[in-house]
Amino acid sequence: MCGIVGYIGKRDVAPLLLEGLQRLEYRGYDSAGIAIHAKPAKSGQAPAGLKTAKAKGRVRDLEARLPKRFAGTVGIAHTRWATHGAPNDTNAHPHLDADGKVAIVHNGIIDNAAELRAKLTADGVELVSETDSETLAHLIGRSQAATLEEKVRQALALVEGTYGIAVLHADFPDRIVVARNGSPVVLGIGEKEMFVASDVAALVSHTRQVVTLDDGEMATLKADDFRTYTTEGSRTSATPTTVEWEAESYDMGGHDTYMHKEIHEQVDAVDRVLRGRIDDRFATVRLGGLNLDAREARGVRRVKILGCGSAYHTGLIGAQLIEELARIPADAEPASEFRYRNPVVDPDTLYIAVSQSGETYDTLAAVQELKRKGARVLGVVNVVGSAIARETDGGVYVHAGPEVCVVSTKCFTNTAVAFALLALHLGRIRDLSVADGKRIIAGLRRLPGQIAEVLRGEEEIRKLAAEYAHAKSMMFIGRVRGYPVAREASLKLKEVSYVHAEAYPASELKHGPLALIEPEVPTVAVLPDDDLLEKNRATLEEIKARSGRILAVAHQEQEKADHTIVVPRNEPELDPILMGVPLQLLAYHTALALGRDIDKPRNLAKSVTVE
């Protein structure tokens, strides 16, 4: 959510910032704005001060509002996802102080904003917006410190909450000062030019050399240099790393939407997460980043997986895989709930944090709480060098590549595959036989080709989506292995099409939800061909007896279903990974039939870095 872009160098800044904002549109936002150090009218004159432009709506609306004379070589820009105050021009960032000398952009939430606003108002400051962020601009502007760095430090010392900020000051036209606490800030290192952004997507078309700030860290950017330091002023060392993704990874590649592109990228993405990790000799996998030796792995007595949204659903799949293959008790829980219920932290439990971005605030906060209590925590993330990757003791990168659409597809699938690898690794250390190890490896290798087979059936799924698109609600059911797939499919449909949907274990339908079944509420049933198939078929009988329509996802045609999407059979433990793919297409084509903004669903953001 919310996007930050900044630049200092010799190039005209406004086009660069607008381009960066456009690359961050996928994160979700409702307004945008830009501030620059205005170029002097004549060479040799002092800078003309700060100029800003803001607009509710899309980046294109901001671009249309830019004044004709809006030139400069230093600037910051922002896309806002509303938290405090409605989406409008006034609440859009950047925010200025009373004298118009300070401009700030801010991601995150200031928890003590009400207290700060009251104090500023009592001191005679006129606040013009409803936002929490504006208070920061005034705090910085009112500081009597001699340097911009010290002004920002003094202001941040008064703030409680999360932030990723970039600051301009009219009296310091040679620098941008940035800071991070709980919301990502990435520096881009160029040739006599520097960039800053909340996401590498805004940087990769200009540089692939980046520095990711840690929580409690600040940086000063000048055109030819940067330095990092803590909010207390101590210098820190920062070595640039190379981003593995290129600018082309963020293009649509001939598809109409990013979601469609990313669904179809799953064949290559799954191949990527497997590449170089399979060890045929010992029927296992190599996961060097775990930092967990065999003795430590054998000492694990329980696994707890934490994530939010789709990451939580992959955690449900992961927990089943770990129990089935490694025979370690495992469960998954929403990270947002875990961190607030004062959990008992067991030294023999291995905790796993799951996040596509590696910056999901609820999950990151849960990791920090666990680390504070001495737990061992692994990360399963997509973004190399992200906060969760840095805070955890080790982990697995899922190598899905950039995922631009707000709803997760290829990252969900790759994360499930990563859990299969982890479960196999733990299983072979413990009691999983060589024969079973080879069986799972063979199944993993079949996945890319089988995903391609599912994708070849897209036209039939499109026709089914058109038939079910106008349902007033949909029920998704599955049992054991099928239930997490049903949960994720229900979420996908809600996120992208706005059709109401519920997910239940198939066995729970008769304990209440059957009351909802009628012809206008179709049921999507996930039916792997396992030892529960006959029980699942009995549930279909119950639905048909109440005139419910059924769309089955199964390994063979289902007599009681009105329609069946047939999915190729893999190993039973891996079947859920495949069965999720056609349901991604179902959600996509339902949204398409209803005319939704597929890549940017209303009210949602890609990387949720606030509570």
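Trainee: Is A98 buried or exposed?
Mentor: This is a predicted model, so take the values as computed ones. A98 sits in the loop between strand 5 and strand 6. Its relative accessible area is 64%. The cut-off for exposed is over 50%, so A98 is exposed.

Trainee: What distance separates the C-alpha atoms of A98 and E467?
Mentor: Along the chain, A98 and E467 are 369 residues apart.

Trainee: Does E495 count as buried or exposed?
Mentor: E495 belongs to helix 16, residues 482-497. Its relative accessibility is 16%. Buried means under 20%, so E495 counts as buried.

Trainee: Which residues does E495 touch, not counting those up to four places away in sequence?
Mentor: Contact here means heavy atoms within 4.5 Å. With the sequence neighbours set aside, the residues that E495 touches are V407, P601 and L604.

Trainee: Which residues of helix 4 are buried?
Mentor: Helix 4 spans residues 134-142. It is mostly covered, with seven of its nine residues buried. They are E134, T135, L136, A137, H138, L139 and I140.

Trainee: What do the buried residues of helix 4 pack against?
Mentor: Both strands and helices take part. The strands are strand 5, strand 6 and strand 7. The helices are helix 3 and helix 5.

Trainee: How are helix 4 and helix 5 oriented to each other?
Mentor: Their axes are 8 Å apart and the packing angle is about 130°. Roughly antiparallel needs an angle over 145 degrees, and roughly perpendicular runs from 65 to 115. The two helices are therefore oblique to each other.

Trainee: Is the crossing of helix 4 and helix 5 left-handed or right-handed, and which residues make the contact?
Mentor: The crossing is right-handed. Helix 4 brings L136, L139 and I140. Helix 5 brings L148, K151, V152, A155 and L156.

Trainee: How does the contact of helix 4 with helix 5 divide by class?
Mentor: No polar residue takes part. The count is seven nonpolar and one charged.

Trainee: Which residues does L116 contact, leaving aside neighbours within four places in sequence?
Mentor: L116 lies in helix 3. It is buried, at 7% relative accessible area. Its contacts are I110, T135, L139, L158 and V159.

Trainee: How far apart are L116 and L136, C-alpha to C-alpha?
Mentor: In sequence they are 20 residues apart. In space the separation is 9.0 Å.

Trainee: How does helix 7 run relative to helix 14?
Mentor: Helix 7 covers residues 266-274 and helix 14 covers residues 434-455. Their axes are 8 Å apart, at an angle of about 175°. That angle makes helix 7 roughly antiparallel to helix 14.

Trainee: Which residues make that contact, and how do they divide by class?
Mentor: From helix 7 come Q266, V267, V270, D271 and L274. From helix 14 come L444, R445, L447, P448, I451, A452 and L455. By class there are nine nonpolar, one polar and two charged residues.

Trainee: And how are helix 7 and helix 13 oriented to each other?
Mentor: Helix 13 covers residues 410-429. The angle is about 30°, with the axes 10 Å apart. The crossing is right-handed. Angles under 35 degrees count as roughly parallel, so helix 7 and helix 13 are roughly parallel.

Trainee: Which residues form the contact of helix 7 with helix 13?
Mentor: Helix 7 supplies Q266, A269, V270, V273 and L274. By class, the whole contact has seven nonpolar, three polar and one charged. The helix 13 side is K410, T413, N414, V417, A418 and L421.

Trainee: What covers the buried residues of helix 1?
Mentor: The buried residues are V13, A14, L16, L17, L18, G20 and L21. Their cover includes strand 1, strand 2, helix 2 and strand 4.

Trainee: How many disulfides are there?
Mentor: The cut-off is a sulfur pair within 2.5 Å. For C308, the nearest cysteine sulfur is that of C411, 14 Å away. The sulfur of C411 is 12 Å from its closest one, in C405, which is too far for a bond. The count comes to zero.

Trainee: Is C411 buried or exposed?
Mentor: C308 is partly exposed, at 24% relative accessible area. For C411 the value is 2%. C411 is buried.

How values were computed:
Residues numbered from 1 in each chain as written. Predicted model: local features only at pLDDT ≥ 70, side-chain atom pairs only at ≥ 80, totals over all residues. Heavy atoms only, no water. Axes fitted to C-alpha atoms, helices over the stretch in contact; angles between N-to-C directions. Helix = DSSP H or I, 4+ residues; strand = E, 2+ residues; numbered from the N terminus. Left-handed = near helix turned anticlockwise from the far one by under 90°. Nonpolar A, V, L, I, M, F, W, Y, C, P; charged D, E, K, R; others polar. Buried < 20%, exposed > 50% of the residue type's maximum accessible area, 1.4 Å probe, protein only.
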